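Let's walk through this protein together, one question at a time. Have the sequence and the fold open beside you.

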Amino acid sequence: MTQFGERAEYGPNDVCYRHPQVHSFTLCQRCGRTICPDCQTASAVGVLCPQCMRDTLPGAGTQLKRKVRASSRMMADTGTPVVTYAIMGLCVLVYAAQLLIPSVTPALWYAPVYSLPGQFEPWRMVTAMFTHSTGSIFHILFNLYTLWLFGRELERAVGRVNFAVLYVLAGIGGSAAVLLWGYTSLEALRTPTVGASGAIFGVLAATLVALRAANINARTLFVMIAINVGIGFLPGTAISWQAHLGGIVVGAAVMGVYVSLRGPRRRAARIAAVTGIALVLVVVAAAYYLIWPVSALT
């Protein structure tokens with residue numbers, strides 16, 4: 001039995017405008033043309049045909065602007081560890097350059113001899129922390145994996161600027177320890193080092209300090225740090241334990257400042273204390289320029 005207002009059979013115009021062989025009573029809510037189930041797209045105002053649906057979508061320029069705004073909001077979100085990801089990306093780029101251009105590695109590595117007046121290139125104390133050994137990919141993989149595990153959480157805990165300062169100072173601390181070891185022998189003076197290990201161990205030590213300050217059991221992390229430091233003392237490993245220890249000391253010291261002087265009211269004192277640590281590193285870095293190792297004079 002036919003209901004009121006309902007057609008008894010399809011008329012000549014009751015076919016989909018895109019598929020004339022398919023009958024339908026459904027109209028596009030925008031253009032009013034008949035569309036079959038395959039051409040219907042649900043919207044807030046009803047069903048739309050494919051053409052009208054495309055017309056409602058923003059243009060390529062508008063979509064790009066929306067993506068840029070979304071990316072900007074993500075970067076501004078304090079929960080996104082941007083600095084950690086940037087460091088990881090920079091290490092990968094430098095490593096690729098090392099593989100493609102062999103001269104990149106000696107141009108960026110650090111040895112105490114580069115702190116002497118005749119070969120004074122102090123920036124190597126920073127560039128070395130972004131280079132890695134090309135002899136084994138596991139060197140960079142281990143550092144990046146460790147940074148991914150611990151760096152992200154530490155950055156979220158202390159903030160981007162504080163994390164960046166801690167990472168760089170810990171890396172310089174590793175280079176400073178290598179520099180001081182250069183006083184022991186001519187070989188130590190000339191041996192180059194590469195790798196982010198000093199900065200990475202600084203991140204690990206800082207995480208350990210933060211956990212202890214929060215009364216969280218960090219025994220597992222302490223054992224892991226101790227084992228990895230101990231491996232550097234094994235003969236034939238070619239691992240700079242000096243950089244590890246230097247990074248640990250500086251990373252723990254900086255994090256100690258963050259923990260003991262946290263809060264907006266202590267911001268000035270916190271900045272002053274971290275600046276003091278940086279000045280100590282500058283003094284150590286300038287030591288070779290003022291007090292030459294005996295081995296450099298022979």
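Q: How many helices and strands are there in the protein?
A: This is a predicted model, in which local features need pLDDT of at least 70 and side-chain atom pairs count only at pLDDT 80 or more, while totals for chains, interfaces and linings use all residues. Residues are numbered from 1 along each chain as its sequence is written, and side-chain values use heavy atoms, with hydrogens and water left out. Helices (H or I, at least four residues) and strands (E, at least two) are DSSP runs, numbered from the N terminus. Counted that way, the protein has 13 helices and two strands.

Q: What percentage of the residues in the protein is buried?
A: Buried means under 20% relative accessible area, with a 1.4 Å probe and protein chains only. The protein has 298 residues, and the buried share is 37%.

Q: Is T84 buried or exposed?
A: T84 sits in helix α3, residues 82-100. Its relative accessible area is 0%, so T84 is buried.

Q: What is the volume of the largest pocket?
A: On a 1 Å grid over the protein atoms alone, a pocket is an open set of points where a 1.4 Å probe fits, with protein on both sides within 12 Å along at least five of seven lines; lining residues have an atom within 4 Å of a point. Grid points are joined across faces, edges and corners, and a volume is the space filled by probe spheres set on the points. For the largest pocket this gives about 870 Å³.

Q: Which element gives the largest share of the lining of the largest pocket?
A: The lining has 41 residues, and the closest to the pocket centre are T193, A238, I239, S240 and W241. Elements that give two or more residues include α6 (137-158), α9 (197-213) and α11 (241-260). The largest share, five residues, comes from α7.

Q: Which element supplies the largest share of the lining of the second largest pocket?
A: The second largest pocket has a volume of about 270 Å³. Its lining has 16 residues, with A157, V158, A210, M255 and V259 the closest to its centre. At least two lining residues come from each of α6, α9 and α11. The largest share, six residues, comes from α6.

Terms used
Buried < 20%, exposed > 50% of the residue type's maximum accessible area, 1.4 Å probe, protein only.
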